[in-house]
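Me: I have a structure to go through and would like to ask some questions about it. Here it is.

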Amino acid sequence: MNPAVFRRSLLKWYDTHKRAMPWRAVSGQTPNPYHVWLSEIMLQQTTVQAVIPYFLKFVKTWPSVEKLAKADQQDVLNAWAGLGYYARARNLHKCAQVIAFERGGVFPEEEKELLKLPGVGPYTAAAIRSIAFNKSANVVDGNVERVMARIYAVNEPLPDSKETLKSHAAFLAAGETKRAGDYAQSLMDLGATICTPTSPKCLLCPVSLYCKANAQGNPETYPVKAEKKPKPVRKGYIYWIENKRGEILLHRRPEKGLLGGMIGFPTSEWTEKKAAHHSAFAQVKSLKKLPNAKVKHVFTHFELHLQGAQTRIHTGRIPEDHFWQRLDDFDGKALPTVFRKFYKLLK
Ligand code: SF4
């Protein structure tokens, strides 16, 4: 297949079918690297639909990378609450500070330099280079992997086939100098709207002529995936603890680790064995299980099952990094999803 002809067909389709997204420049406008970077960080492991309201909120609150750099880290974490993968928010803030204070507010264009920024991996570096600066780069996300797996009918299962899929994508992208950014986005849009995981719309596809899976009549069999192992389940208790002033007990989680730096409800340890109460609350007489307050949440590497429990504490002693919050002034918006589920059940 001639890559230039393939790209021409795709770009022609893109000119009339590209998805409107708030971080995308309209035709004729120069993309804003701050918007491109912000959206790419938010889109890591998160869908476009989930990202849009967060992106709009961020650019309204912090309209430039300098403003974001000067923001309080806790405000950034609070604004990020609900989007998941919270290390991204801390790296986002650090990266904004590097750009604003060490690089004069200018994002680098080279992948080598982009890769030095906190929170920017190979995919994000390639995406920023191509979308923000219209420079050639091989931008391969899950959508592009699927399209490549089908066009070349790759029988090797994911994730082992990642390098093969990447090299097919590199072959097709090589030589695109005029519209590198549009080409990268056209492939993503094709994967998101036409070459979808189930029921791909091959009849509407601008590159169906070049597609082996379409010729074979079995596009949905690609990409071939290795069998998934079930995720381990961790268990624990989650506490709704009030005092007589009408306040609830919250916990600021340690900076490092899962949900680092985020606010949550107190919990016991999360364990794959039998759940045991947090030592600080185990002896409290009024502690009772709440049979209907169970929270399930799926993280990347495990599934978490938390059993709700409730009590009142009258003494002033609470564990380190825990604090009282007036219930009247608390709407739960700054909580990560796993804790927001519990808040919704109990409020
Ligand atoms: S022809 Fe079908 S399977 Fe092939 S790239 Fe297009 S939508 Fe995907």
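Me: How do the residues of the shell around the ligand divide into nonpolar, polar and charged?

Reply: The model is predicted. In it, 14 residues surround the ligand, and the closest are Cys195, Cys202, Cys205, Cys211 and Pro219. Cys and Pro both count as nonpolar. The whole shell divides into two polar, one charged and 11 nonpolar.

Me: Which helix gives the largest share of the shell around the ligand?

Reply: Two helices, α9 (142-151) and α12 (212-216), each supply at least two residues of this shell. The largest share is three residues, and the helix they come from is α9.

Me: Which residues does Leu187 contact, leaving aside its neighbours within four places in sequence?

Reply: The largest nonpolar core has 77 residues, and Leu187 is among the five that touch the most other members, with Ile128, Val144, Met148 and Ala184. A contact here requires C-beta atoms within 7 Å. With the sequence neighbours set aside, the contacts of Leu187 are Leu10, Val144 and Val147.

Me: Which helix gives the most to this core?

Reply: The core draws at least three residues from each of domain 1 (3-141 + 157-184) and domain 2 (233-346). The top contribution from a helix is seven residues, and they belong to α2 (residues 33-43).

Me: How many residues does each domain put into the contact between domain 1 and domain 2?

Reply: The C-alpha centres of the two domains lie 35 Å apart. On the domain 1 side, α5 (73-80) and α6 (87-102) each supply at least two residues. That side divides into four nonpolar, three polar and one charged. The contact takes eight residues from domain 1 and, from domain 2, 10 residues.

Technical notes
Residues are numbered from 1 along each chain as its sequence is written. This is a predicted model: local features need pLDDT of at least 70, side-chain atom pairs count only at pLDDT 80 or more; totals for chains, interfaces and linings use all residues. Domain bounds come from an automatic or database domain assignment. Two residues are in contact if their C-beta atoms, placed from the backbone, lie within 7 Å. Helices (H or I, at least four residues) and strands (E, at least two) are DSSP runs, numbered from the N terminus. A residue is near a molecule or strand if its C-beta atom, placed from the backbone, lies within 6 Å of it. A nonpolar core is a set of buried Ala, Val, Leu, Ile, Met, Phe, Trp, Tyr and Cys residues joined through C-beta atoms within 7 Å. A residue is buried if 20 or more other C-beta atoms lie within 10 Å of its own, exposed if 12 or fewer, and partly exposed in between; C-beta atoms are placed from the backbone.
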